[in-house]
Amino acid sequence: MSVLTVPRLLQESSREYVYRFLKINIMNFSFPPGSALSEKDIAAMLDVSRTPVREAFIQLSQEDLLEIVPQKGTYVSHIDLEGVEESKFLREKLEVAIVELACKEFPGDKLFELQSYIALQELCLDEKNYAKFYSLDDDIHRTIFEGCKKARIWAMMQQLHAHYNRVRLLNIASGHDIAIVLEQHKNLVKAIREQDVELGRKTIQLHLNKVRLDIKDLIHDYGDYFRQSGDVLTKWTF
């Protein structure tokens, strides 16, 4: 994949810009797992000094998206299936509870936002714009948390979901059952609109479990992207 162009925002510091550029390209697999990144090359590419690049490398290594190997170099981390499993566990515990809350009481303006995102996802599906579809997927889940006044919990979760989100994006970019994802989102919004707690609970459980159903195909198609650990791979693929 070619490197994605990321325009610099007004008043964005060099470190913030480099961090955002790198994270977008790592998450979108423009810098695939295992690839080497050079401070010198990134600095030249973005017309910045090497200091903000080094700082961004450190921040991304703390998020487990980069691996800094002393005396060797910096590499994009492989997807860690144990990290995916931990994120899935956390989301199942928190997000089911959030959806149950949303089905009992949810503000009208946030419901309108959800319905708007669904309409945009339908358009993305028709146009095969999978990157935007993924972005809207996040918008839908974030808005449900916001509607339940739990936005800070959502923000906290995002700091822990690097590997899980890479699997989600890889799955969407591969076009795996995207229509099913959209249908599940529609059912979530229907459950919230009609205050159907049981439908909401069943739908979010199916939705979150989809990563386990898809990951076998992803490992088959993109085996080099995953951290190789026999026990963990066996757990997910059999």
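This is a predicted model: local features need pLDDT of at least 70, side-chain atom pairs count only at pLDDT 80 or more; totals for chains, interfaces and linings use all residues.

**Stop one: the core.** Start by selecting Leu22, Ile42 and Phe226. The largest nonpolar core has 66 residues, and these three touch the most other members. Now colour domain 1 (14-76) and domain 2 (81-235) separately: both give residues to this core, so it lies between them.

Stay with Ile42 for a moment and show what surrounds it. Setting aside neighbours within four places in sequence, Ile42 is in contact with Val18, Phe21, Leu22, Phe31, Val53 and Phe57.

**Stop two: the largest pocket.** Next, pick Lys23, Ile24, Met27, Tyr134 and Asp138. Of the 20 residues lining the largest pocket, these lie nearest its centre. To see which elements give two or more residues to that lining, show α1 (14-27), α6 (130-147), α7 (151-158) and α8 (162-173). The space inside comes to about 570 Å³. Colour the lining by class and you get nine nonpolar, six polar and five charged residues. Domain 1 and domain 2 each put at least three residues into the lining.

**Stop three: the second largest pocket.** Finally, select Ser87, Gln159, Leu160, His161 and His163, which lie nearest the centre of this pocket among its 13 lining residues. This one holds about 180 Å³ of space. Bring up α4 (81-104) and α8, each of which supplies at least two lining residues; α4 gives the largest share, with four. By class, the lining splits into four nonpolar, six polar and three charged residues. Where does the second largest pocket lie relative to the domains? Domain 1 and domain 2 both give residues to its lining, so the pocket lies between them.

Notes:
Residues are numbered from 1 along each chain as its sequence is written. Side-chain values use heavy atoms; hydrogens and water are left out. A nonpolar core is a set of buried Ala, Val, Leu, Ile, Met, Phe, Trp, Tyr and Cys residues joined through side-chain atoms within 4.5 Å. Buried means under 20% relative accessible area, exposed over 50%, partly exposed in between (1.4 Å probe, protein chains only). Domain bounds come from an automatic or database domain assignment. Contact means heavy atoms within 4.5 Å. On a 1 Å grid over the protein atoms alone, a cavity is a set of points where a 1.4 Å probe fits but cannot get out, and a pocket is an open set with protein on both sides within 12 Å along at least five of seven lines; lining residues have an atom within 4 Å of a point. Grid points are joined across faces, edges and corners, and a volume is the space filled by probe spheres set on the points. Ala, Val, Leu, Ile, Met, Phe, Trp, Tyr, Cys and Pro count as nonpolar, Asp, Glu, Lys and Arg as charged, and the others, Gly among them, as polar.
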